[in-house]
Amino acid sequence: MVEFLYIFFSYLLGSIPFGFIVSRFYKKNILEVGWKKTSASNVMKNVGFLPGLLVGLLDLGKGFLAVWVGQKFYFSLYSQVLAGFFSILGHNWSVYLKFNGGRGIATFLGAALALDYRVALYSLLFFLFLALIWNTSMATIFFLFFLIIYPYFFNQGFLLSILSLLSLFPIFLKRLSPIKEIFPIREKKELIRNRLLFDNDQYQGLRIKKFLQKYVH
């Protein structure tokens, strides 16, 4: 019963909409601008760099705290994984915002760091490399799959593997939102593909190619 309440607490913790709260200080409703999500990236692009950075750190802190509490009170390892997962669910579908929210990446990263910071940091370097040369949406896909298969090669990080596998659902489902726009599916195959792969309605090319075209002649 106690561990059930702990997991429920993790959902409520993850539901705290820092992106919405911080944006209100700048007289903006983040659910009405950009891609209409509480993501730190949306805040950074449409409110400002510093508020976006603050939101990213706070969202990361939610996931970290959800797992850390379980570690502090010696809850089972699988309860800690579920707590991290439910903090992501809370972030993506916040009970405080009528089940609106963000994408869950920062909250996932916070939970991952709490579960196994070494594996998470190694994988994060891989993510940053891909994000720089490609784009963050594709880097996120490889980041998640890398964390899923990592234990089979290095015999560690099994909890992260489980969390990553569970997190595929909320993260990719959120990419498809607003869900009503992807129907009828037969007519919206390209839109669905672009949202799943590039987290955008249009194809996103290589970031390094855009950089070279802009700055190298």
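**Close-up views of a predicted model**

View 1. Asp59 is buried (under 20% relative accessible area, with exposed meaning over 50% and partly exposed in between; 1.4 Å probe, protein chains only), at a relative accessible area of 1%. This is a predicted model in which local features need pLDDT of at least 70 and side-chain atom pairs count only at pLDDT 80 or more, while totals for chains, interfaces and linings use all residues. Residues are numbered from 1 along each chain as its sequence is written, and side-chain values use heavy atoms, with hydrogens and water left out. Lys62 is buried too, with a relative accessible area of 2%. Helices are DSSP runs of H or I with at least four residues, numbered from the N terminus.

View 2. Thr107 is buried, at 0% relative accessible area. Its side chain reaches the backbone oxygen of Asp59 at 3.3 Å. Contacts (heavy atoms within 4.5 Å) of Thr107 include Asp59, Lys62, Ser87 and His91, when residues up to four places away in sequence are not counted.

**View 3. The Arg195–Glu181 salt bridge.** A search of the whole structure finds two salt bridges; one of them joins Arg195 to Glu181, with the closest N and O atoms 2.4 Å apart. This pair links distant parts of the chain, 14 residues apart: Arg195 lies in helix α10 and Glu181 in the loop between α9 and α10. Arg195 counts as buried at 4% relative accessibility, whereas Glu181 is partly exposed at 33%.

**View 4. Helix α8, residues 136–154.** The 19 residues of α8 should span 27 Å at 1.5 Å a residue, and the end C-alpha atoms are 25 Å apart, which agrees. The expected span is 1.5 Å times one less than the number of residues. At Ile148 the helix bends by about 35 degrees, and Pro151 follows within four residues. The bend is the angle between axes fitted to the seven residues ending at a residue and the seven starting there. Buried residues of α8 include Phe143, Leu144, Leu147, Ile148 and Pro151. The buried residues of this helix pack against α6 (105–115), α7 (117–133), α9 (158–176) and α10 (189–198). Asn155 follows α8 and has a positive phi, near 55 degrees.

Methods
Helix = DSSP H or I, 4+ residues; strand = E, 2+ residues; numbered from the N terminus. Polar contact = N/O pair within 3.5 Å; in protein donor to acceptor, adjacent residues only side chain to side chain. Salt bridge = Lys/Arg side-chain N within 4 Å of Asp/Glu carboxyl O.
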